[in-house]
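Biologist: Please take a close look at one helix and its packing partner. Start with the overall layout, then go in.

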Amino acid sequence: MPLKKQPTSLEHQSLSRVPKLVKEVCKNAAETYSEKYYKLKILSGAVFIEVDRAIDKFQEVLITSTAHYFHKEISEQTLFALSSLLQDQASHKGNGDYSSYLHQSDEERRKWWLKDQIILRFSSLLCHPAVLHLSLPGDLHLSLVRALCAAIPDMTSLTSLDLGPWQCQKQDLFSLANHQDGYSLMFIHNLTILAV
């Protein structure tokens, strides 16, 4: 006699909604702030102040208000959503035809650039003391991996970091000008597991 199919747990259903939630919040922020700041001709630094406020509020809901045993899955789902959003953004630049992207006006290119920067800024969602584990699968967008590696010094509570198939020297990860390769890893005092 076959086993009864178990109903999906509330926790599992909630975790499966994280990518959609992250994508929607990030996409709305990118569109709203890039349009607003482009129209007002305000420097991009001012955009990031408001984006950082939005990220802090979202971080409060997504990470601070959830139980610690969900944080690893939430960080994985967040990475998946941000990478997916960046890939969608790249495919919509001239519908994948970069020659038409080159024919766009400077204004349209600036908006796209600002949207990309805002989406990449959302990688700082994971710069929270409750995020202890970070794994970078090979299917992530390269610019997201670079943004995460640049944010590593701000992830002071990180205990394990799995770089997956990403090659640090080849992709120029953890390399700062005039510093040794991997210099930024010295700021993570709690890091006990590093998988490369």
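Modeller: The protein has 8 helices and 3 strands. This is a predicted model. From the N terminus, the order of elements is α-α-α-α-α-α-β-α-β-α-β. Of its 196 residues, 38% count as buried. Among contacts with a separation of 6 or more, 77% join residues 24 or more positions apart.

Now to helix α6, residues 106–121. It has 16 residues and reaches 22 Å from its first C-alpha to its last. That is close to the 22 Å expected at 1.5 Å a residue. The buried residues of α6 are W112, L114, K115, D116, I118, I119 and L120. Charged K115 and D116 are thus on the buried list.

The partner is helix α4, residues 71–92. Two packed helices are described by the angle between their axes and the distance between the axes. Here the axes come within 10 Å and cross at roughly 170°. An angle over 145° counts as roughly antiparallel, so α4 is roughly antiparallel to α6.

Which residues make the contact? On α4 they are L82, L85, L86, Q89 and H92. On α6 they are W112, K115, D116, I119 and L120. By type, the contact divides into 6 nonpolar, 2 polar and 2 charged residues. An α-helix has 3.6 residues a turn, so residues three or four places apart point the same way.

Last, the cysteines. C127 counts as buried, at 18% relative accessibility. C149 is buried too, with a relative accessible area of 4%. The structure holds 0 disulfides.

Notes:
Residues numbered from 1 in each chain as written. Predicted model: local features only at pLDDT ≥ 70, side-chain atom pairs only at ≥ 80, totals over all residues. Heavy atoms only, no water. Disulfide = S-S within 2.5 Å. Buried < 20%, exposed > 50% of the residue type's maximum accessible area, 1.4 Å probe, protein only. Axes fitted to C-alpha atoms, helices over the stretch in contact; angles between N-to-C directions. Helix = DSSP H or I, 4+ residues; strand = E, 2+ residues; numbered from the N terminus. Parallel < 35°, antiparallel > 145°, perpendicular 65-115°, else oblique. Contact = heavy atoms within 4.5 Å. Expected span 1.5 Å × (residues − 1).
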